[in-house]
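Here are my notes on the interface and the salt bridges. Please read them with the model open.

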Amino acid sequence: MKRESFYQRHEGLILGGGGVLCVLAVWQYAWQQQWVTPLFFAGPAEIAKQFWHLMTEGSLPADILFSGQNFVVGLSAATLAGVVFGVLIGWYRKIRLIFDPLLNALYATPRIAMVPLIILWVGTDWKSKAFIVFMSSFFPILVNTVAGIRSLDPDLLRAARAFCASDWQIFKTVAIPGSVPFILTGIRQGVALGLIGVVVGEMFGGSQGVGFLVAYGGQTFQVDTAFVGVIIIAIAGMLLTFLTDRLERRFSRWRPER
Amino acid sequence: MNGSIKLHIDRVSKRYWFEREAREIPALVDISLSVAEGEFVAVVGPSGCGKTSLMNIVAGLLSYDDGTVSIDGKKVTGPGVDRAVVFQHSSLLPWRTIAGNIRYGMEMQRRFDAATMRERTDHFVKLVGLSGFETHYPSELSGGMQQRVNLARALASDPVVLLMDEPFAALDAQTREFMQAELLKIWTQAKKTVLFITHQINEAVYLADRVIVMSARPGRVKGTFDIPFGRPRGLELKRDPRFLKLEDAIWKLIEEEAGNLGMMEPVMNVEVVAPEKFVGE
C-alpha cells in the first residue's frame with residue numbers, strides 16, 4: 001500500500017482545526033464591524049488579551065487552581081463511592097431493593113436544585129463546591145456501575161460456578177472486569193456533570209474560581225472576562241473528555257477492533 | 001467398558017414449578033445411566049427432552065428431586081473439582097488471553113500450584129493445537145478455535161468426568177465436522193471419561209462408545225445403542241452403510257415418539273428432521 005499523504009494522516013486535525021479557525025475569523029470580523037454592541041460582546045483578540053492580563057496580573061491562576069482542586073476532590077470521592085456502592089447494589093438483591101426507591105427519587109431530581117441547601121449546610125468555602133461536584137457526578141457513576149454488574153454475562157457466571165469459583169473469585173475475575181466499560185461510561189458522564197457542578201457551585205456565593213469569574217464578569221459587564229472563563233471551562237471539558245477516552249481505550253484492549 | 005464406573009446417574013427425576021399453571025411439570029423422569037472409566041457416552045434427544053437440565057444436574061449447577069448422581073461413588077451436591085464442563089457457548093472471559101482462559105478453571109479450583117498451572121496450560125495449549133495464540137484474546141479467534149480453548153480449559157482442570165454440553169452446536173457445519181474429528185484425536189490422548197450431550201444423531205454415533213436416546217417431555221431414557229466401530233475413526237466413517245443404518249435406527253426411535261405425540265410443533269419438527277444425512281440422500 002502507498003504511504004498515506006500528510007493530509008490523509010492528519011485529516012481530522014486539519015478539518016477540525018480549520019473549522020475552529022473559520023469560526024474565530026468570522027467572530028473577529030463581526031466584532032470589528034461592530035455588528036453587535038461591544039457592551040455585550042467581545043472579539044477573540046480582546047479575549048486573548050484579557051486572558052493574558054488576568055493570567056499575569058489577575059487572579060486567574062488561583063481561580064483555576066481553586067476550581068480544579070474542587071473538581072478533582074469531588075470527582076474522586078464520587079468515583080470511589082459510586083463504584084463501591086454500585087457494586088453492592090448491583091450484586092446483592094436485598095441491598096438493591098432497599099435503596100432502589102431512594103436512589104430513583106434522588107436520581108430524578110436535578111442535583112442543581114440542591115445547591116442552595118448544600119450552601120446552607122456546608123457553607124460557601126471549597127468544601128461546599130467539592131460537595132456539589134460530588135453530588136453531580138456520583139449518580140451517573142453509581143447507576144452505570146449497577147447496570148454493569150447487573151448485565152454480566154450469565155454464561156460467564158455459570159462457567160465460573162462450574163469451576164467451583166468462590167463469590168470473591170467471581171467478583172474479582174468476572175464482575176469487576178465485566179463492568180469496567182460501564183464504570184468508565186459512568187465516569188465520563190460524571191466528568192461532564194461534575195464540570196457543570198463546579199461552575200454552578202461557584203456562581204452561588206463564594207468569591208473564587210472560574211465559575212465565579214464568569215458570573216462576576218457577566219454582572220459587571222466585563223464581557224471579555226466572562227468569555228475567558230467560558231473558554232477555560234470549554235477547554236477543560238475537551239481535555240477531560242480526551243483523558244477519559246484514553247482511559248477507556250487502555251481498559252478495552254481485549255475488545256474486538258471496530 | 002470393563003473399567004470402573006466413574007459417573008453414575010441413578011433414577012434421577014427433576015420437576016419444575018410452573019407458576020402459570022400452578023403445578024409441577026416433570027422435566028426428567030427416572031433417568032439412569034452410567035459411564036465407565038475412559039468411556040465416551042453421548043446422550044441424544046430432541047430439544048425439550050431435558051438434556052441441558054441433566055447436564056446442569058451432573059455439573060452440580062441444578063438441584064434434582066429424586067435419585068442420585070455420583071462421581072466415583074461420591075454423591076454430587078454441587079460443583080466439584082471432579083467434573084469440568086465444556087459449554088455450548090464458549091463462555092471465555094473476553095478480557096483474558098487464551099492462556100489466561102485455559103488457566104481459569106485451574107485457578108478457580110485452587111488445586112495446582114503456580115508452576116504446575118503454567119506447565120499444564122502450555123501442555124493443553126499444544127494439545128488443542130493453539131500454539132502461537134497464547135497471548136491473543138478470544139475475540140480474535142474463530143468460533144471453532146474458541147471451542148478448542150473451552151475444551152482445553154476443561155481438560156486442564158483434570159476432571160474425573162468431562163461434561164460436554166452441545167459444544168459444537170453453534171458452529172457451522174464444516175467446522176463442526178472438523179471439530180468432531182479433532183475432539184476424537186484429543187480424547188484419545190487425554191484419556192478422559194466423557195458425557196457428551198447433543199441433539200445431532202450423527203455426531204453422537206460418530207463420537208461415542210454408547211449412545212443414549214432420550215424422549216421429550218418429560219425426558220426419559222428411551223433406548224441405548226452400543227456403537228461397534230473401532231478407533232481411531234475417520235470422518236469417512238459417516239458414509240459407511242453400517243453407520244447410516246445405526247443412525248437410521250436411532251432416528252426411528254425418536255421419530256416413533258414424535259408419532260406417538262401425534263402433534264409435534266412445527267418448530268420441533270424442523271429441528272429433529274434437519275440432521276444433514278437427510279439432505280441429498
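1. A residue counts as buried under 20% relative accessible area. Arg210(B) has 10%, so it is buried. Keep in mind that this is a predicted model.

2. Arg210(B) pairs with Glu39(B) in a salt bridge, 2.9 Å from N to O. Arg210(B) sits in strand β9 of chain B, and Glu39(B) in the loop between β2 and β3, so the bridge ties together parts 171 residues apart in sequence. Glu39(B) is also buried, at 4% relative accessibility.

3. Arg96(B) and Glu107(B) form another salt bridge, with the closest N and O atoms 2.9 Å apart. The pair links the loop between β6 and α2 of chain B to helix α2, across 11 residues of sequence. Arg96(B) is buried at 16%, whereas Glu107(B) is partly exposed at 22%.

4. Now the interface. In chain B, 27 residues contact 20 residues of chain A. The buried area is about 2000 Å², with 67% from carbon and sulfur atoms. Phe87(B), Trp95(B) and Met108(B) supply 30% of what chain B buries there, more than any other three residues.

5. Six residue pairs are in polar contact across the interface, both residues at pLDDT 80 or more.

6. On the side of chain B that touches chain A, α2(B) gives the most, with five residues. By class, that side has 14 nonpolar, eight polar and five charged residues.

7. Over all chains, the salt bridge count comes to 21.

How values were computed: Residues numbered from 1 in each chain as written. Chains lettered and ligands numbered in written order. Predicted model: local features only at pLDDT ≥ 70, side-chain atom pairs only at ≥ 80, totals over all residues. Heavy atoms only, no water. Contact = heavy atoms within 4.5 Å. Buried area = accessible area lost by both parts, 1.4 Å probe. Polar contact = N/O pair within 3.5 Å; in protein donor to acceptor, adjacent residues only side chain to side chain. Helix = DSSP H or I, 4+ residues; strand = E, 2+ residues; numbered from the N terminus. Nonpolar A, V, L, I, M, F, W, Y, C, P; charged D, E, K, R; others polar. Salt bridge = Lys/Arg side-chain N within 4 Å of Asp/Glu carboxyl O. Buried < 20%, exposed > 50% of the residue type's maximum accessible area, 1.4 Å probe, protein only.
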